Amino acid sequence: MGKLSDILHGTRNDKDSSYSDKLRDPRWQRKRLEVMEAAGFACENCSDTESTLNVHHGYYEWKREPWDYPAETLHCLCEKCHVEADRLRKLLVQSCGRLKT
């Protein structure tokens with residue numbers, strides 16, 4: 001089993017396909033641009049148009065490529081909102097890990 005960050009980001013432990021390499025892939029770059037264009041190059045959370053924008057994955061699936069997610073699960077966020085979305089995702093994962101069945 002991989003590290004939690006690998007699981008959350010769908011990365012593998014081999015050297016030839018790190019997550020950061022995948023984000024440079026032309027397929028991801030095209031998908032990313034489509035998401036940003038659809039959002040009018042503004043943060044979908046706070047409407048910021050001045051800050052650097054990121055595309056946030058609403059969820060991750062193990063070994064799924066970053067560009068293989070449906071458009072409705074990808075969100076154009078400014079850096080501040082993206083950091084907050086990632087923080088909330090981590091809290092949710094931690095909370096789920098504490099559930100008693």
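## Salt bridges

K22 and E65 form a salt bridge in this predicted model, with 3.1 Å between the closest N and O atoms. The pair joins distant parts of the chain: K22 belongs to helix α2 (residues 19-22), while E65 lies in the loop between β1 (53-57) and β2 (74-78), 43 residues apart. K22 counts as buried, at 7% relative accessibility.

The whole structure contains 6 salt bridges. Among them is the pair D21 and R24, whose closest N and O atoms are 2.4 Å apart. D21 is partly exposed, with a relative accessible area of 34%, and R24 is exposed, at 56%. Another of them links D25 to R27, with 2.8 Å between the closest N and O atoms. Here D25 is buried, with a relative accessible area of 16%, whereas R27 is partly exposed at 42%.

## Helix α4

Helix α4 spans residues 79-97, a run of 19 residues. From its first C-alpha to its last it reaches 27 Å, close to the 27 Å expected at 1.5 Å a residue.

The buried residues of α4 are C81, H82, A85 and R89. They lie on the same side of α4 because they cover an arc of only 100° around the axis. The face turned away from this buried side carries the exposed residues K80, V83 and G97.

## Overall organisation

The protein has 4 helices and 2 strands, arranged along the sequence in the pattern α-α-α-β-β-α. Of its 101 residues, 32% count as buried. The accessible surface comes to about 6900 Å², and 53% of that area belongs to carbon and sulfur atoms.

Among contacts with a separation of 6 or more, 58% involve residues 24 or more positions apart.

Terms used:
Residues numbered from 1 in each chain as written. Predicted model: local features only at pLDDT ≥ 70, side-chain atom pairs only at ≥ 80, totals over all residues. Heavy atoms only, no water. Expected span 1.5 Å × (residues − 1). Buried < 20%, exposed > 50% of the residue type's maximum accessible area, 1.4 Å probe, protein only. Arc of directions from axis to C-beta. Contact = heavy atoms within 4.5 Å. Areas by Shrake-Rupley, 256 points an atom, 1.4 Å probe, with all protein chains shown as cover. Salt bridge = Lys/Arg side-chain N within 4 Å of Asp/Glu carboxyl O.
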